[in-house]
Amino acid sequence: MNSPLRALRCAAAAARAAGRLMLRQRAAPKKINRQSRHDIKLELDVRCQKLIEKTLLRSFPQSAVLGEEGLAGRQDAPLRWVVDPIDGTVNFTYGVPHACVSIALQERMAGGEFATVAGVVYDPFCGELWTALRGGPARLNGRVIHVSRRKNLAEAIVSIGFAKSRASLEENLPVFNALVRRVRKIRMMGAAALALTYVASGRFDAYVESGISLWDIAAGGLILECAGGEFWRQPLPDGGKFRMIASNGLLRAKLERVARAARKTS
Ligand code: LIP
């Protein structure tokens, strides 16, 4: 790719535009397009994604978009944007000011796989913009950030997500039960991308979720790695979903042992 920095700036502009639309709509009645037992999708999700697509494809017309609200652009293109227009939609719907825009840029590799090369996560409520280019530092509002150095679970804040399906909830409940007794605090905030950037910023020490989608984690995962953290994930059989342990790089083995033991005994 000829200009990663130009791509990062374009993604940041798109994220800020979608964030402004979220704030303008935060008190308006919410039009629900789809809802299930543990999920809501708004008409505003679609509007935000369309706005993001317009910004990205105007500057990168030969690229593809893979978003939570659908595909756009040239799907065989060497560059692919992975977009969650509103991560934390249920929070946003209920008026909880903890949601964000997540945009990642991926390059198609020789074997057909994709590698994430740029990531942007924007929280319009706090005015916090996280950015990273692969091989460079992670930044929060321009300042370089780094993961924490806490290496004991007893001193750790660990975020957990239960995703949307009953299966992911049943898989993660035993892990929650096992971890809650071992860590300083568990936090369940409802926005995967922000949980990843909080680990990158040293606010949390790890984040565990199963059944999470690529658009929830692609940008935050790169930001975490560029902040010195570890973004361990494993594709699940049901396509496009992942099991993930994201951490400051010092806790994954301990978290994995607790999670494996908890799932075995459940
Ligand atoms: C949300 C994720 C969160 C998960 C929720 C939901 P959405 O994304 O960020 O971690 O627990 O179930 O998937 O759907 O609000 O963009």
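The model is predicted: local features need pLDDT of at least 70, side-chain atom pairs count only at pLDDT 80 or more, and totals for chains, interfaces and linings use all residues. Residues are numbered from 1 along each chain as its sequence is written, and side-chain values use heavy atoms, with hydrogens and water left out.

**Whole chain.** The C-alpha trace spans about 50 × 40 × 35 Å along its principal axes. Of the 266 residues, 54% count as buried (under 20% relative accessible area; exposed is over 50%, and partly exposed lies in between, with a 1.4 Å probe and protein chains only).

**Positive patch.** Next, select R16, R20, R24 and R47, which gather in a patch of positive charge on the surface (patch residues have over 30% relative accessible area and no salt bridge, and like charges are joined within 9 Å; a salt bridge is a side-chain nitrogen of Lys or Arg within 4 Å of a carboxyl oxygen of Asp or Glu). Helix α1 (residues 4-25) gives the most to this patch, with 3 residues. R24 is found in helix α1 and counts as exposed because its relative accessibility is 58%.

**Two loop residues.** Most residues other than glycine have a negative phi. Select N141, in the loop between β9 (138-140) and β10 (143-145): its phi is positive, about 50°. N141 is partly exposed, at 47% relative accessibility. Finally, select A163, in the loop between β11 (157-161) and α4 (166-180). A163 also has a positive phi of about 50°, and at 25% relative accessibility it counts as partly exposed.

Conventions: Patches are made of residues with over 30% relative accessible area and no salt bridge: like charges are joined within 9 Å, nonpolar side chains (Val, Leu, Ile, Met, Phe, Trp, Tyr) within 5 Å. Accessible areas come from the Shrake-Rupley method with a 1.4 Å probe; for residues, only the protein chains shown count as cover. Lys and Arg count as positive and Asp and Glu as negative; His and the chain ends are not counted. The place of a charge is taken as NZ of Lys, CZ of Arg, CG of Asp or CD of Glu. Helices (H or I, at least four residues) and strands (E, at least two) are DSSP runs, numbered from the N terminus.
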